[in-house]
Amino acid sequence: MKILKSILNYIPLATFLIFVVTDGIFSLTSALIFVISTSGLLINWKRKNRDEELGN
């Protein structure tokens with residue numbers, strides 16, 4: 001019974017750690033997606049400006 005109680009005491013800590021780890025993974029993924037999409041937009045914008053300058 002003591003072992004069961006000690007396991008039950010660690011459940012909140014374990015769920016908190018799992019939440020923090022998964023939240024961190026989601027944050028990193030969304031930050032990476034943001035950086036990649038922003039850099040893609042910037043490259044596209046620079047390319048468009050260069051093409052307009054060459055055309056004129």
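Gly-55 counts as exposed, at 63% relative accessibility (buried is under 20% relative accessible area, exposed over 50%, partly exposed in between, with a 1.4 Å probe and protein chains only). The model is predicted: local features need pLDDT of at least 70, side-chain atom pairs count only at pLDDT 80 or more, and totals for chains, interfaces and linings use all residues. Residues are numbered from 1 along each chain as its sequence is written, and side-chain values use heavy atoms, leaving out hydrogens and water.

**Fold and dimensions**

- The protein chain has one helix and zero strands (DSSP runs numbered from the N terminus: helices are H or I with at least four residues, strands E with at least two).
- Helix H1 covers residues 2-55 and includes Leu-8; Lys-48 lies in helix H1, and Gly-55 is also in helix H1.
- Along the principal axes, the C-alpha atoms fill a box of roughly 80 × 10 × 5 Å.
- From Gly-55 to Tyr-10, 45 residues apart in sequence, the C-alpha distance is 67 Å.
- Lys-48 and Thr-38 are 10 residues apart along the chain, and their C-alpha atoms are separated by 15 Å.

**Exposure and surface**

- Of the 56 residues of the protein chain, 0% count as buried.
- Lys-48 is exposed, with a relative accessible area of 52%.
- The protein chain exposes about 5500 Å², of which carbon and sulfur atoms supply 73% (Shrake-Rupley method, 1.4 Å probe; for residues, only the protein chains shown count as cover).

**Charge**

- There are 6 positive and 4 negative side chains in the protein chain, and the centres of the two sets lie 19 Å apart.
- Lys and Arg count as positive, Asp and Glu as negative, and His and the chain ends are not counted; the place of a charge is NZ of Lys, CZ of Arg, CG of Asp or CD of Glu.
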